[in-house]
Amino acid sequence: MSETTARTAAQTTTQTTTHRYTCPLCEATCGLLVEVGHPDGGAPRVVQARGNPDDVFSKGFACPKGLAIGELQHDPDRLRAPLVDGEETTWEHAWSVVAERLGRVVTEHGRGALGLYLGNPNVHNLAGQLYVGAVARAAGTRNVFSASTTDQMPKQVATTYMFGDPLTVPIPDVDRTDLLVVLGADPLTSNGSLWTAPDMPGRLRALRRRGGRLVVVDPRTSRTAKAADTHLAIRPGTDVFLLAAVAHVLLAEGLADVGPHVGAHLEGLDALPEVLAPFTPDAVAPVVGLPAEAVTTLARDLAAAPSAAVYGRIGTTTVRFGTLTSWLVDVVNTLTGNLDSRGGVMFPLAAAGQRNSSPTSRARSPRFGRWTSAERGLPEVLGELPTAALAEEILGGHVRGLVTVAGNPALSAPDGGRLGKALDGLDVLVCVDLYRTETAARADVVLPVPGPLARPHYDLTFNQFACRNTAHFSPAVLPAEGDVEPEWRTLCRLAGVLQTLAPQVDPDAVDALVVSTLLGQHVAAEGSPVHGRDVADLVAQVSTAADGTPRTGDVRMLDALLRLGPYGDGFGARPDGLTLDRLAAAPDGVDLGPLEPRLPEVLRTPSGRVELAPAPVVADVARLRAALDEATAAVADGGLVLVGRRHLRSNNSWAHNLPSLVTGSNTCTLHIHPDDAEPRGIVDGAPVAVTSSAGSVETVAEVTDRIRPGVVSLPHGWGHAVDGAGLSVARTADGDGGANVNVLVPPEVDPLSGTAVLNGYAVEVAAV
Ligand SMILES: Nc1nc2c(c(=O)[nH]1)N[C@H]1C(S)=C(S)[C@@H](COP(=O)(O)OP(=O)(O)OC[C@H]3O[C@@H](n4cnc5c(=O)[nH]c(N)nc54)[C@H](O)[C@@H]3O)O[C@H]1N2
Ligand SMILES: Nc1nc2c(c(=O)[nH]1)N[C@H]1C(S)=C(S)[C@@H](COP(=O)(O)OP(=O)(O)OC[C@H]3O[C@@H](n4cnc5c(=O)[nH]c(N)nc54)[C@H](O)[C@@H]3O)O[C@H]1N2
Ligand code: SF4
Ligand SMILES: [Mo]
C-alpha cells in the first residue's frame with residue numbers, strides 16, 4: 001500500500017510515492033517509509049527513507065544505514081550486468097562459462113573439488129533463505145563453508161545439544177527483564193544479533209526507566225558499555241571462566257533455583273557441581289582480570305533479580321571456547337530460573353519457517369563430524385567445514401572451483417593473507433553478488449542480483465530470534481532492474497547448472513521442484529494440517545494471489561510457509577489463519593504478541609528434555625581446566641591481544657562504498673590504551689604495524705582509554721585496495737581503504753563448532 005504526496009523541490013514539483021519496506025541491512029528488521037519519486041522525469045528513485053512510526057515492531061526507529069538504503073540501491077558501482085573475466089556480458093554467455101568452467105573441474109577432479117561459500121546476507125534476503133539449500137544440494141560437495149563459522153556457530157552447536165535444534169536459541173525478553181547482562185556484544189552499535197529487537201536504544205532506556213539494570217562485559221568501553229550501570233572490562237576470551245564461576249557460585253551458595261516449570265523437563269543438573277568445581281571466583285579472577293568479588297556479586301545479583309537475562313554474542317562465540325561459553329550463558333539462565341520465563345530468556349514463535357514448531361522437525365541425536373576437512377581433519381559441523389580452513393583447503397588442491405553467494409571471504413574470512421593467494425589460484429571462481437567485491441575481483445564470473453529495494457522482503461530467519469512475535473511482508477519498492485534477474489531465479493538456475501553442468505536450465509522447473517518438495521514434506525508429516533493432502537493441489541493454491549496474479553519463486557514459497565506455520569490457515573484447516581494475502585494487507589506488520597513459555601513443546605532433543613550437561617560439551621571442560629592454568633601464566637607475560645569492533649555505520653565488509661556512511665569515526669584505526677602506546681613510542685594518529693602469528697598489517701593508532709590495557713582493537717571489513725575490485729568509494733575510504741584485520745587472524749578454531757578465533761589472539765604492535 002502506498003500514499004501519494006506532492007512534494008515541492010527547488011525548481012520542479014515531483015509526485016512521490018511512499019512505500020513501507022522492512023530494512024534488510026541488519027537483524028533489527030526496522031520498518032522504513034521509502035519515498036520514491038521521478039526526479040527529472042526519469043526512472044523511479046528513492047528520494048528519502050525514514051523510520052515508519054506505525055510499524056508494529058520498530059515504531060519509527062531506524063539507524064543511519066537504513067536511512068541510506070536509497071544510496072545503496074542507486075550506487076553506481078552496483079553491478080547491472082553479469083561479468084565474465086571482469087567484462088560485462090550477457091546472461092547466456094555468463095551461464096555458458098559457469099557451466100563450462102565448473103564442468104571442467106568436475107570432469108578432472110570430481111564434485112569433491114567444488115566448494116561453496118555462503119555469506120551473511122543470505123539470511124537477510126528471502127531468495128537466499130529459500131534457495132541456497134538447493135544450490136548446496138546440487139553442488140554435491142562436502143566443501144560447504146559459510147559466515148556461520150566466523151560468527152554464531154558455537155551458539156547453534158550449544159543449542160542443538162541443549163534444546164535439540166540449531167535455531168532454538170533463547171532470546172532476552174528485554175521489554176520485561178529486571179537485569180540484562182550483555183557479554184561480548186555491543187547492541188547499541190550492531191543493533192542486536194541473534195536478538196531481533198528494533199530500537200535497541202529505546203528498549204535499553206526503558207529497562208533502566210522501569211528500575212532495571214544493565215551490566216556489560218566487554219574489554220572495550222563500547223557504546224553499550226558506556227550506557228551500562230556496571231561495566232566489567234574483562235580480558236578477551238575469558239568470559240567462559242567468568243560464566244563458569246558465576247554458575248559455580250550459584251550452585252555452591254545454594255542460589256540455583258530452576259523453578260518447577262523448567263525442573264520438570266531438565267536433565268543433567270546433578271552433574272554440574274562437579275564439572276564446575278574448579279572454577280571458583282578466586283581461581284578465575286586473575287584470568288578474567290576482574291576482582292573475585294565482581295564475579296560473586298554478578299552471581300548473587302542474577303539470583304536475586306526478579307527476572308534476569310544473560311546474553312552473549314560475537315565476543316563470546318568467536319573465541320577459543322565459543323561453544324562452552326555459549327552453553328554456559330544458558331546454564332546460568334537456567335540456574336537462575338530465567339529459562340523460558342517472562343523477563344528471562346524465551347523462545348520466539350515465528351509465523352514462517354520456525355523449525356522447532358514444525359511437525360516436519362523431529363527429535364534426532366545431533367551428529368557432528370560426519371566428514372572432515374582434508375588438511376587438518378577438522379570435523380564437519382551442521383553440514384559445514386570451518387571457514388578458517390578455506391585457505392588451506394584451496395592451497396592444498398582440495399577445493400578448485402569455488403562458488404560464493406552473498407559472501408566476501410577475501411575480507412571476512414580468517415587467515416586472510418593466505419586466503420588472498422588461495423582465491424587467486426583457484427581454477428574457477430563464481431560469485432553471486434551486488435558488487436565487484438574484493439572476492440569478485442578474482443572471479444571468472446560474477447552474477448549480479450537486484451538491489452535491496454527491487455525485491456520482496458520477509459525475515460524468515462530473524463523472526464525466529466525476535467523479542468516479540470511479529471510478521472511483516474514488504475513487496476518490492478522499485479520495479480525489476482533492467483537486465484538483473486531476481487535472485488531466486490539466479491539461484492534456481494545456479495542449482496540446475498551445478499547439477500547438470502550444462503547452461504540451459506529452466507529456473508521455473510527448479511523452483512517447482514523446491515516448492516513441491518517443501519509441501520511434500522508436510523503432506524508426509526503426521527501432525528501437519530496438510531497431512532495426506534494432494535501436493536499438486538497445494539501447489540496450485542499457493543500459485544495464485546487473491547487478486548488473481550500468478551505467484552512463483554520466493555513469494556510462492558513464503559505463502560506456503562506462512563500457511564503451514566503456527567499462525568497459518570493450514571490450507572483451510574484454520575480458515576482465519578495467516579496467508580501471504582492477509583499479511584500483505586497489513587503493510588505496517590502484524591503483531592502476534594509477546595513471547596510465551598514454550599517448554600516442553602519447543603524441545604527436539606532425543607530425551608525430549610533440556611540437556612543441561614550434554615556429554616560432548618562437558619567433555620570439552622577438560623580443555624578449559626587446562627587453559628585455566630595456562631591463562632594464568634599468560635597473564636604474567638603482559639603481551640597484547642586483539643579484539644574486533646563494529647561501527648554504527650558499517651556493515652561487515654560491504655557498506656564502505658556508501659559516502660554518507662564512511663564519515664567521521666567510521667575508520668579502520670587501531671584502538672590502543674595510553675599505557676600500551678607510551679612504552680612503544682606510539683602516539684595518536686601515527687602509523688603502526690600490527691603483527692600476529694598469521695601476518696602483519698599497517699594502520700593508524702587511535703590512543704584511547706576506552707579499551708582495557710593489554711588489549712587492542714581493529715574493526716573487520718576493511719582492506720579495500722584490491723586490484724580489480726569495483727568499489728570506488730570504499731577503495732579510498734579512510735584514506736587507503738583500510739587494513740584487512742583478517743590477515744592477522746590465525747586459522748585456529750573452537751574445536752566443537754569449527755568457529756574461528758577472531759577475538760583474543762596475541763599480537764605485537766610497533767610504531768612504523
Ligand atoms: N576479523 C573479523 N572477521 C569477521 C568478523 C569479525 O567480527 N572480525 N565478523 C564475522 C561475521 S559476524 C560475519 S557475519 C562475516 C560476514 O562474512 P561475509 O558474509 O563473507 O561478508 P560480508 O562482508 O557480509 O559480505 C557480504 C557480501 O554479500 C553481498 N550482498 C549483499 N546483499 C546481497 C544480496 O542480497 N544478495 C547477494 N547475492 N549478495 C549480497 C555484499 O555485496 C558482500 O559482498 O564476517 C566475519 N568476519
Ligand atoms: N553497524 C553494524 N551492525 C552490525 C554489523 C556491522 O558490521 N555493523 N554486523 C552484523 C553482524 S554480521 C553481526 S554477527 C552482529 C554482531 O553483533 P555484536 O556481537 O553486538 O557486535 P560487535 O559490535 O562486534 O560487538 C562485539 C563486542 O564484543 C567485544 N569483545 C571482543 N572480544 C571479547 C571477549 O573476549 N569478551 C567480551 N566480553 N567481549 C569481547 C568487542 O569489544 C565488541 O564490543 O552485528 C550485526 N550488526
Ligand atoms: S537498525 Fe538500521 S540497519 Fe538495522 S534494520 Fe534498523 S534501520 Fe536497518
Ligand atoms: Mo555476523
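At what angle do the axes of helix α3 and helix α19 cross, and within what distance do they come? In this predicted model, the two axes come within 10 Å and cross at roughly 35 degrees.

## Helices α3 and α19

Let's stay with this pair for a moment. Helix α3 covers residues 91-109, and helix α19 covers residues 487-500. The crossing of α3 over α19 is right-handed. On the α3 side, the contact is built from W91, E92, W95, V98, A99 and L102. The α19 side supplies T490, R493, L494, V497 and L498. Sorted by class, the contact of α3 with α19 holds 8 nonpolar, 1 polar and 2 charged residues.

## Helices α20 and α21

Further along the chain, here is another pair to look at. Helix α20 (residues 507-524) packs with helix α21 (residues 535-542) at an angle of about 125 degrees, and their axes are 9 Å apart. Angles of 65 to 115 degrees count as roughly perpendicular and those over 145 as roughly antiparallel, so α20 and α21 are oblique to each other. Their crossing is right-handed.

Which residues make the contact between α20 and α21? From α20 come V515, S516, L519, G520 and V523, while α21 brings V535, L538, V539 and V542. This contact of α20 with α21 contains 7 nonpolar and 2 polar residues, with no charged ones.

## Helices α12 and α13

Helix α12 spans residues 281-288 and helix α13 spans residues 292-304. Their axes come within 8 Å, with a crossing angle of roughly 115 degrees. The handedness of the α12 and α13 crossing is right-handed.

In this contact, P281, D282, V284 and A285 of α12 meet A292, V295 and T296 of α13. The class count for α12 with α13 is 5 nonpolar, 1 polar and 1 charged.

## Domains

If you like to work domain by domain, the chain is divided into four pieces with these bounds: domain 1 (3-73), domain 2 (78-141 + 389-457 + 473-503), domain 3 (153-352 + 600-617) and domain 4 (639-767). Between the C-alpha centres of domain 2 and domain 3 there is a distance of 37 Å.

## The shell around ligand 3

What surrounds ligand 3? Its neighbours are C23, L25, C26, A28, T29, C30, A62, C63, K65, G66 and N191. By class, this shell around ligand 3 has 7 nonpolar residues, 3 polar ones and 1 charged one.

## Backbone details worth a look

Most residues other than glycine have a negative phi, and most peptide bonds are trans. L599 and P600 are joined by a cis peptide bond, with omega at about 0 degrees. P600 sits in the loop between β20 (590-594) and β21 (610-611).

The other place is D340, which has a positive phi of about 60 degrees although it is not a glycine. You will find D340 in the loop between α15 (322-335) and β15 (345-346).

Terms used: Residues numbered from 1 in each chain as written. Chains lettered and ligands numbered in written order. Predicted model: local features only at pLDDT ≥ 70, side-chain atom pairs only at ≥ 80, totals over all residues. Heavy atoms only, no water. Axes fitted to C-alpha atoms, helices over the stretch in contact; angles between N-to-C directions. Helix = DSSP H or I, 4+ residues; strand = E, 2+ residues; numbered from the N terminus. Parallel < 35°, antiparallel > 145°, perpendicular 65-115°, else oblique. Left-handed = near helix turned anticlockwise from the far one by under 90°. Contact = heavy atoms within 4.5 Å. Nonpolar A, V, L, I, M, F, W, Y, C, P; charged D, E, K, R; others polar. Near = heavy atom within 4 Å. Domains from an automatic or database assignment.
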